[in-house]
Amino acid sequence: MTDQHRPNSTHGYLPTELAGFDSLAELALDLRWSWNHATDGVWMTLDPTLWELTQNPWVVLQTVSRNQIERVLADPAFRKNIDELLRAKHHAAETSAWFQQKYPKASLTCVAYFSMEFMLSEALPIYSGGLGNVAGDQLKAASDLGVPVVGIGLLYSRVIFAR
């Protein structure tokens, strides 16, 4: 097995050695895409049909051909857009949000939000209805406000009901 086809523990059989691929992976794995659609054009450029069907950047990145990834990464305008999106992402992460401005000396460093489900996007089917909608909206609002919240849920691959 050649190095270029060797599985990577994080990204499976993805072309991680391609210059610029790590930037695409970083954007794809950022859950803010589910409510901040600044990166939609990136995934549409890679595969418009798959993007329309899934609205899931990680699925697009895992599915699109290596040749297509190489082709779009060779486009200077595309790379410039990726760099700008990453700069904006890093700037947002480093900029003080409402919570940090309002409570700069708060001893609160992290709040655990336990819920059975979180509706972040239709592309992440980890919800079934009302509870998931409320929990997802609260996580999104907390993220926008800079409140240090971590959502903790359970993901069952199979549920067995006993009588």
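Predicted model: local features only at pLDDT ≥ 70, side-chain atom pairs only at ≥ 80, totals over all residues.
**Entry 1: helix H1**

I looked at the cover on H1 and found that 6 of its 8 residues are buried. They are Phe21, Ser23, Leu24, Ala25, Leu27 and Ala28.

Next I stepped into the loop between H1 (21–28) and H2 (40–46), where threonine 39 lies. Is threonine 39 buried or exposed? I read 8% relative accessibility for threonine 39, and because buried means under 20%, threonine 39 counts as buried. Then I listed its contacts, leaving aside neighbours within four places in sequence: Leu27, Trp33 and Leu85. Leu27 was already in my notes as one of the buried residues of H1.

I turned to the salt bridges and found a count of 5. Which residue does arginine 66 meet in a salt bridge at 2.6 Å? The partner is glutamate 17, with that distance taken from N to O. This pair links distant parts of the chain, since I find arginine 66 in H5 and glutamate 17 in the segment before H1, 49 residues apart. Both ends are partly exposed: arginine 66 has a relative accessible area of 26%, and glutamate 17 has 40%.

Arginine 66 also meets the side chain of glutamate 70 in a salt bridge, at 3.9 Å from N to O. Here both partners lie in H5, 4 residues apart, or about one turn of the helix. Glutamate 70 is partly exposed, with a relative accessible area of 34%. I also checked glutamate 70 against glycine 20: they are 50 residues apart in sequence, yet 9.2 Å apart in space, C-alpha to C-alpha.

**Entry 2: a pair on H6**

I then looked up lysine 80, which forms a salt bridge with glutamate 84, the closest N and O atoms being 3.7 Å apart. How far apart in helix H6 are lysine 80 and glutamate 84? They are 4 residues apart, so about one helical turn separates them. Lysine 80 counts as exposed at 52% relative accessibility, whereas glutamate 84 counts as partly exposed at 38%. To close the topic of charges, I noted that salt bridges with shared partners join Glu17, Arg66 and Glu70 into one network.

**Entry 3: the strands**

I moved on to the two strands. In what sense do S1 and S2 pair? S1 (residues 111–114) and S2 (residues 149–152) pair in the parallel sense over 4 bridges. From S1 the chain crosses through H8 (residues 130–145) to S2, and I noted this β-α-β crossover as right-handed.

**Entry 4: surface and whole chain**

On the surface I found a nonpolar patch made of Trp98, Tyr103 and Leu145, with about 290 Å² of accessible area together. Tryptophan 98 lies in H7 (residues 98–102) and is partly exposed, with a relative accessible area of 40%.

Last, I took the overview. The chain has 8 helices and 2 strands, running α-α-α-α-α-α-α-β-α-β from the N terminus on. Of its 163 residues, 33% count as buried. The chain exposes about 10700 Å², with carbon and sulfur atoms supplying 56% of that area. Among contacts between residues at least 6 apart in sequence, 57% join residues at least 24 apart.

Note on methods: Residues numbered from 1 in each chain as written. Heavy atoms only, no water. Pairing = 2+ DSSP bridges. Right-handed = clockwise from strand over helix to strand, strands pointing away. Buried < 20%, exposed > 50% of the residue type's maximum accessible area, 1.4 Å probe, protein only. Contact = heavy atoms within 4.5 Å. Areas by Shrake-Rupley, 256 points an atom, 1.4 Å probe, with all protein chains shown as cover. Patch = residues over 30% accessible without salt bridge, like charges linked within 9 Å, V, L, I, M, F, W, Y side chains within 5 Å. Salt bridge = Lys/Arg side-chain N within 4 Å of Asp/Glu carboxyl O.
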